Amino acid sequence: MPRHPYKKIDFKVDPIYESVEVAKLINYIMKDGKKSLVKRMVYEAMEELQKVENDALKTLYKAISNVAPVVEVKPRRLGGASYLVPAEVRKERRLYLALNWIINAAQSRANKEFHTFKDKLVAEISEAAKNQGQAVAKKAQTEKLADQNRAFSHLRW
């Protein structure tokens, strides 16, 4: 048992969209502390989404809800063997996984169709909102693995 209980850090909302999700998206994309560069890129992507989908924030929320997994597997070691035990995903982790899967799917897109990361991000968010794309496939793969291993759910503790 830890001596000091975990203290949850309050996350500041994004100043333009007043959304925690947009602020976390910016922080997850950020590399080497270049936050202003990433902010500009994400805001341009949201403006482009606004042109395509009419409401960029709703589209982002829809994409996150379509990509966020409900269950995942966690390895448990028991008697020399390792079992993949399905477990429900906490709300904070669901958001983290969804945003990271969207970012990774956007990064792995081919450069032939899209030239900048902003274009890739817009395409991945709009596809995820329509329940398509690599990020949604990653969610399906994770939940399928959890479903296949539900026989080990009694090992959850």
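Me: Buried means under 20% relative accessible area, exposed over 50% and partly exposed in between, with a 1.4 Å probe and protein chains only; in which class does Tyr96 count at 37% relative accessibility?

Reply: This is a predicted model, in which local features need pLDDT of at least 70 and side-chain atom pairs count only at pLDDT 80 or more, while totals for chains, interfaces and linings use all residues. Residues are numbered from 1 along each chain as its sequence is written, and side-chain values use heavy atoms, without hydrogens or water. Tyr28, at 27% relative accessibility, is partly exposed, and Tyr96, at 37%, likewise counts as partly exposed.

Me: How are the rings of Tyr17 and Tyr43 arranged?

Reply: Rings of Phe, Tyr and Trp (its six-membered ring) pair if their centres lie within 6.5 Å, and planes under 30 degrees apart count as stacked, over 60 as edge-to-face and the rest as tilted. The count by this rule is 2 aromatic pairs. For Tyr17 and Tyr43 the centres are 6.1 Å apart and the planes stand at 40°, so the pair is tilted.

Me: How many residues apart in sequence are the parts that the pair of Tyr17 and Tyr43 ties together?

Reply: Helices are DSSP runs (H or I, at least four residues) numbered from the N terminus. Tyr17 sits in the segment before helix H1 (20–29) and Tyr43 in helix H2 (residues 35–53), so the parts tied together are separated in sequence by 26 residues.

Me: What is the geometry of the pair of Tyr28 and Tyr96?

Reply: The ring centres of Tyr28 and Tyr96 are 5.4 Å apart and their planes lie at 90°. This pair links distant parts of the chain, 68 residues apart, with Tyr28 in helix H1 and Tyr96 in helix H4 (residues 91–107). The angle between the planes is 90°, so the pair of Tyr28 and Tyr96 is edge-to-face.

Me: Which helix gives the most to the lining of the largest pocket?

Reply: H1, helix H3 (56–67) and H4 each supply at least two lining residues, and the helix that gives the most, with 6 residues, is H4.
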